[in-house]
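Please view the sequence and the model together before reading on.

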Amino acid sequence: MVSIQDIKTATVQPDSLGRFGKFGGKYVPETLMPALSELEAAFHQYRNEPSFQAELQNLLRDYVGRPSPLYFAERLTTNYARPDGTGPQIYLKREDLNHTGAHKINNALAQVLLAKRMGKQRVIAETGAGQHGVATATVCARFGLRCVIYMGVHDMERQALNVFRMKLMGAEVHPVEAGTGTLKDATSEAIRDWVTNVETTHYILGSVAGPHPYPMIVRDFHAVIGVETRAQSQEKWGGLPDILLACVGGGSNAIGLFNEFVHESSVRLIGVEAAGEGVDTEKHAATLTKGKIGVLHGAMSYLLQDDDGQVIEAHSISAGLDYPGVGPEHSYLKDLGRAEYYSVTDKQALDAFQRLSQLEGIIPALETAHAIAYLETLCPQLKGNPRIVINCSGRGDKDVQTVAKVLIP
Amino acid sequence: MTSISAHFQTLRDRQQCALIPFITAGDPNLKTTAEALRILDRNGADFIELGIPYSDPLADGPVIQAAATRALQKGTKLEQVLEMLEAVIPTMKAPIILFTYYNPILHRGIKTFLLKIAAAGVRGLVVPDLPLEEAEELIQTAASFGIEVILLVAPTSSKDRILAIARQSQGFIYLVSVTGVTGIRAQIQDRVKDLITDLRSVTDKPIGVGFGISAPEQAHQVMEWGADAVIVGSAFVKRLAEGSPTERLQAVEKFCQELKAAITPVSLQQVGSAK
């Protein structure tokens with residue numbers, strides 16, 4: 001059994017090979033190895049440097065709009081109350097209120113500040129739902145850097161609004177036709193670009209996935225979500241949350257919320273994956289539920305793969321969860337038993353999408369709707385009045401058309 | 001069949017730069033792959049690199065990526081490729097080097113994978129997404145199966161890394177000639193010459209140069225710069241992807257002969273024609 005102290009140490013820093021337990025590492029072409037070392041060195045050099053932190057904190061406050069509120073969802077809470085009026089108290093960490101509408105901007109902003117200090121003039125990124133692409137295009141516009149976004153053709157179709165936003169801010173959106181034209185294929189194409197242009201280009205990877213040091217860097221740049229949640233919990237009820245709930249595709253919003261509480265043994269950490277049409281069908285993205293250990297996009301983690309070791313295309317109604325891999329730290333937390341991972345279907349997510357809209361006047365991203373949907377399963381299991389914080393990781397404007405197509409055939 | 005190292009030694013004694021064609025297994029089908037291997041072997045290939053089709057070939061450009069996708073759509077599986085090799089390898093002189101990404105190895109387990117490929121007669125392994133830091137277990141285990149793991153050096157590699165990679169690489173050192181993925185390039189950069197010189201100053205192991213070489217003149221240039229082997233991939237894969245079945249194999253045969261002639265010293269060519 002791993003002690004809390006072990007967990008604390010292990011999650012503070014991956015080991016020298018960039019591993020969380022056996023997960024992580026750097027499985028990339030040799031061409032990229034020096035760039036990964038350079039990035040790691042820059043990260044360690046600047047992350048605690050006063051001028052870097054001052055610039056980052058100012059921008060997080062005045063440009064992004066942080067801190068994001070911790071909102072008590074009164075009608076959602078009432079919805080899950082027992083007949084006697086008791087029940088879980090549900091709070092939403094409002095990352096959807098950030099500039100550009102999702103948590104993704106925290107990491108994109110911090111990484112672009114790093115890129116600038118590293119002297120890189122060109123930035124690339126991959127995107128699924130487009131939120132990371134929009135965040136990257138935004139910060140590149142803000143700092144006058146060239147920006148190329150790789151996006152699967154299928155995702156470009158279902159996220160046309162975000163494609164337009166990226167182009168409006170001056171980014172070049174590069175369609176990726178390979179595979180099923182989704183996030184996996186866009187990520188592979190972004191890595192190929194980086195292999196080719198590594199000397200002039202910074203790759204703003206958008207999740208806690210990819211080769212070391214990305215899972216560590218992206219986590220640390222999103223850790224602000226959990227840090228704020230702790231302070232806001234203290235202020236609102238003088239304690240810690242009892243349960244943290246977040247959706248997991250690659251897993252960046254979940255790790256951002258969890259990181260601050262990983263060593264707080266009283267806090268349950270729950271990640272919700274996309275079960276698509278069901279985990280017993282071939283159309284899902286439930287990597288931690290159904291995957292086997294493998295290597296994709298530079299890291300060892302759980303992975304959806306067939307009996308020949310070929311990566312299987314994932315499926316979810318949510319473009320941001322449509323990924324066959326998952327961040328290595330999530331695999332580690334799962335194997336340790338520190339975090340729990342469940343999955344909900346497209347149908348359950350669509351129901352939650354409408355439920356939150358109607359009960360709270362908040363239209364969540366389809367990704368976020370997966371976390372909301374798990375309340376249906378979780379709340380009836382709970383005793384007393386535990387405080388649940390759900391990471392409301394993004395807003396649903398981008399998904400309205402997708403949902404309309406399903407609801408209004 | 002001799003090891004890659006031993007075969008290189010023979011070529012060195014004859015002052016012959018080696019030709020290493022690359023093709024993707026299962027594109028357009030495994031029967032054609034088998035025939036292409038025999039043709040390459042008869043027409044000047046000293047080693048042959050055989051790509052195992054993979055769903056996410058990060059280090060490959062559009063030509064080889066598309067070939068892998070086609071091969072996978074045809075249902076090509078590693079076990080079928082090895083079955084084919086088991087039949088073909090005994091009829092060939094050129095040792096076979098498998099080019100595979102790491103996940104298919106990890107998926108089967110390193111030992112099981114090595115056992116299978118060794119049984120099929122494979123002699124070497126190139127794993128483009130397994131840098132030195134992650135390669136130790138594979139290298140050590142492979143040695144006990146008589147498989148040599150060839151490591152890659154890139155134009156971005158530091159002097160320290162070049163030295164460490166050169167120490168660990170077996171069979172030869174695979175020098176990636178471009179900062180980029182596999183594919184046809186109009187020109188081979190002059191810096192390849194310096195990279196060969198840098199590598200030569202730290203190792204006496206053979207140096208094979210690949211990525212981007214697609215024409216006899218380029219192969220000749222790389223040989224002149226002192227490479228022990230020239231690796232040509234996308235240009236072969238492209239020829240196997242176009243035309244009727246007969247035309248494809250004829251194109252491969254002719255191209256292989258042209259490349260071999262371009263890297264063969266005149267004295268050896270005369271010996272060849274006198275036979």
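## Basis of the description

This is a predicted model, in which local features need pLDDT of at least 70 and side-chain atom pairs count only at pLDDT 80 or more, while totals for chains, interfaces and linings use all residues. Residues are numbered from 1 along each chain as its sequence is written, chains are lettered from A and ligands numbered from 1 in the order in which they are written, and side-chain values use heavy atoms, with hydrogens and water left out.

## The interface of chains A and B

Chain A contributes 35 residues to the contact and chain B contributes 37 residues; contact means heavy atoms within 4.5 Å. About 2,900 Å² is buried between the two chains, 50% of it on carbon and sulfur atoms. Buried area here is the accessible area (1.4 Å probe) that two parts lose on being put together, summed over both. On the chain A side, the residues losing the most area to chain B are A:E30, A:R192 and A:D308, which together make up 24% of what that side buries.

Between chain A and chain B there are 6 salt bridges, each defined as a side-chain nitrogen of Lys or Arg within 4 Å of a carboxyl oxygen of Asp or Glu. A:K184 and B:D56 form a salt bridge, with their closest N and O atoms 3.0 Å apart. Elements of chain A that give two or more residues to this side are α2 (33-46), α9 (183-197), β11 (292-296) and β12 (299-303); helices (H or I, at least four residues) and strands (E, at least two) are DSSP runs, numbered from the N terminus. The largest share, 7 residues, comes from α9(A).

A:H297 is found in the loop between β11 and β12 of chain A. With a relative accessible area of 3%, A:H297 is buried (buried means under 20% relative accessible area, exposed over 50%, partly exposed in between, with a 1.4 Å probe and protein chains only). Leaving aside neighbours within four places in sequence, the contacts of A:H297 include A:K184 and A:I191 in chain A as well as B:D56 and B:L58 in chain B.

The side chain of A:H297 makes a polar contact with that of A:Y323 at 2.8 Å. A polar contact is a pair of N or O atoms within 3.5 Å; within protein, one must be able to donate a hydrogen and the other to accept it, and residues adjacent in sequence count only if both atoms are side-chain atoms. A polar atom of the A:H297 side chain also lies 3.2 Å from the backbone oxygen of A:K184.

## Helix α7 of chain B

The buried residues of α7(B) are B:E134, B:A135, B:L138, B:I139, B:T141 and B:A142. These residues pack against β1 (19-20) of chain A, and against several elements of chain B, among them α5 (102-108) and α8 (159-168).

## Salt bridges within the chains

Over all chains, the structure holds 42 salt bridges. In chain B, the side chains of B:E79 and B:R108 meet at 3.0 Å, N to O. B:E79 lies in helix α4 (residues 78-88) and B:R108 in helix α5, so this pair ties together parts that are 29 residues apart in sequence. B:E79 is partly exposed at 30% relative accessibility, whereas B:R108 is buried at 13%.

In chain A, A:R47, A:R219, A:D220 and A:E329 are linked in a network of salt bridges.
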